[in-house]
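Opening the notebook on a new model today. I want to go through its charged residues and jot down what turns up.

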Amino acid sequence: MGNGISQTTAATVLNSLKSGVVPRIGLEYITVGRKSEIQALLQDVSIIEQGGAAMRFVEGEYGSGKTFLMHALRNHVMEKNFVVTDVELSVDKRFVGNKGQGLATYKELIRNMATYACPDNGALQLILDKWIGTLENEVVQYEGLEPGREVFDVRVSQKIYKITASMEERVNGFDFGKVLADYYKGHRKGDVELQKKALRWLCGEYRTRTEAKTDLGVNLIISDENWYDFIKLFADFVVKAGYAGLYVCMDELSTLYEIPSRVGREYNYSKLLSIYNDTLQGKAAYLGIMISVTREAMEDCDKGVFSYEPLRSRLAKTSIEQGGIVKMRDMASPVIELSALNPGEMYVLLEKLTNMHGILYEYEPTLEHDDYIYFLKQQYNKSLEGKESTVREMIRNYITLLNLIQQNQNIPKEDILCAQNA
């Protein structure tokens, strides 16, 4: 019955889904459908690994599985040695704003950096230390020099400066490289304060250029206007540090749709356009970006993404519909449209959740084929009656059903099924 799923993973998955949120782990055990979507996104990953860049919008209604797909891909690329990071856009975190909302987005992305060795975010310092450690090991292994000797420090410093100098041609690369070199300098001299200052600058926490100049000798700080340049620099840097690339997930683009000011919306859409153009025109390397958005927030011509003509012309629908049903989709399109899981896929998902519930509570589930069919029919009937029945809602209802059956074993399961769907 186990299928390799631990009770801890089962608990995390079921508790998260019951609460209406996507779990960070265990997604591989409950992924159903989405084969063509995942295949298209994995093609992007291959391009990114080879030094390219890719940006995708995942469009679907609330509860259609946008966040699920995003987290599933996040976990996959992390296993492929990518640095991953994510942010949920909000009133306070956008692409740009007059109250530092763009910088707030950047700070969140840096805070949420994760790697396979550090999957729970906060990986920036680990990435920097791994970079230095790798270069030191190269000097020991290939040049036979021992740590603690001056010649060893000189050789490692030369390697560090060669890497940072290679970044100077990129926009803001000189200052970025200078701060990386300062971080190494602090490491070499045991100057923890210098390392903290370098980290603080990389995290976008300096408020004035004067302060940055005093502490680190740089004339630049990361700001609302330039933060995306540093995401590109990080993508370049993490590859030099031994990773495959940087993958960025942004949830809830719908937040932009809700900005009351037209000027504010267009300002953000303009920034989004420049990021999208960067990935198309080869101005970014080793960088992947996935953004989730509802159909309304994407296609509304008054306030949505399509209200900004340069984006509408680039992102307009490429699927072929017949009678309101999508017949064919161009999976190379920048926008991946998610439809709800079909009844067959939902059936498979119910089986997986039932198995996982049995693992968590150490019992042999009694639900069978007819029970799954009955449950799904009742859920889809609710949809016909105009009640909410998104995939998210169905999953929550089903986990509640599993809990009730397991907790009330003296009551026939058929009675509980009928009572829940009454």
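**Overall.** I'm working with a predicted model here. I count 18 helices and seven strands in the chain. The C-alpha trace spans about 80 × 50 × 35 Å along its principal axes. Of the 422 residues, 52% come out as buried.

**Salt bridges.** I searched the whole structure and got 19 of them. I also found a network of salt bridges linking Arg-24, Arg-74 and Asp-86.

**Lys-232.** Which residue does Lys-232 form a salt bridge with? I get Asp-278, with the closest N and O atoms 2.7 Å apart. This pair links distant parts of the chain, since Lys-232 sits in helix H10 and Asp-278 in helix H12, 46 residues apart. The two side chains also make a polar contact at 2.7 Å. I put Lys-232 down as buried because its relative accessible area is 14%, under the 20% cut-off. Asp-278 is buried too.

**Helix H12 again.** I noted a salt bridge between Glu-266 and Arg-262, closest N and O atoms 3.4 Å apart. Both lie in helix H12, four residues apart, about one turn of the helix. Glu-266 is partly exposed at 30% relative accessible area, and Arg-262 is partly exposed at 45%.

**Arg-34.** Its salt bridge is with Glu-37, at 4.0 Å between the closest N and O atoms. I have both residues as buried.

Glu-414 is in helix H18, residues 413-420. With 42% relative accessibility, I logged Glu-414 as partly exposed.

Technical notes
Residues numbered from 1 in each chain as written. Predicted model: local features only at pLDDT ≥ 70, side-chain atom pairs only at ≥ 80, totals over all residues. Heavy atoms only, no water. Helix = DSSP H or I, 4+ residues; strand = E, 2+ residues; numbered from the N terminus. Buried < 20%, exposed > 50% of the residue type's maximum accessible area, 1.4 Å probe, protein only. Polar contact = N/O pair within 3.5 Å; in protein donor to acceptor, adjacent residues only side chain to side chain. Salt bridge = Lys/Arg side-chain N within 4 Å of Asp/Glu carboxyl O.
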